[in-house]
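Please consult the sequence and the three-dimensional view while reading.

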Amino acid sequence: MYEEKTIGSIGVEDEGNWGQKTGITVKIDTLEKATIRFGNSYTLRINEEDVDALRELLNTASVQLMNQRYINSQTQEQAK
């Protein structure tokens, strides 16, 4: 029997939707797929391996953004 379970939803700041957050919802199902819905316009349905690859890619982006924020703060401090 097919079943679907919502894992969670978040709202993210998106430059394309100034002043509004874009909703992202993640669900899993008994067919071993994850469905990631971005607002009302795009849905990504992927397997576990691709969920892991996406997670790794997002983690790498997060680390690089953290490093860039540090570089920016050091640059601002030196400019004072």
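## Overall form and strand pairing

In this predicted model, residues 24 or more positions apart account for 13% of the chain's contacts with a separation of 6 or more. Buried residues make up 9% of the 80 residues. The radius of gyration is 17 Å, whereas a compact globule of 80 residues would have a value near 12 Å. Along its principal axes, the C-alpha trace spans about 65 × 30 × 15 Å.

The secondary structure consists of 1 helix and 4 strands. Along the sequence, these elements follow the pattern β-β-β-β-α.

| Strand | Residues | Pairing |
|---|---|---|
| S3 | 33-38 | antiparallel to S4, 6 bridges |
| S4 | 42-47 | antiparallel to S3, 6 bridges |

How many residues lie between S3 and S4 in their hairpin? The two strands are separated by 3 residues, and glycine 39 in the turn has a positive phi of about 60°. Within the pair, threonine 35 stands opposite arginine 45 in S4. In a regular strand, side chains alternate between the two faces of the sheet.

Key. Residues numbered from 1 in each chain as written. Predicted model: local features only at pLDDT ≥ 70, side-chain atom pairs only at ≥ 80, totals over all residues. Heavy atoms only, no water. Rg over C-alpha atoms; globule rule 2.2 N^0.38 Å. Buried < 20%, exposed > 50% of the residue type's maximum accessible area, 1.4 Å probe, protein only. Contact = heavy atoms within 4.5 Å. Pairing = 2+ DSSP bridges.
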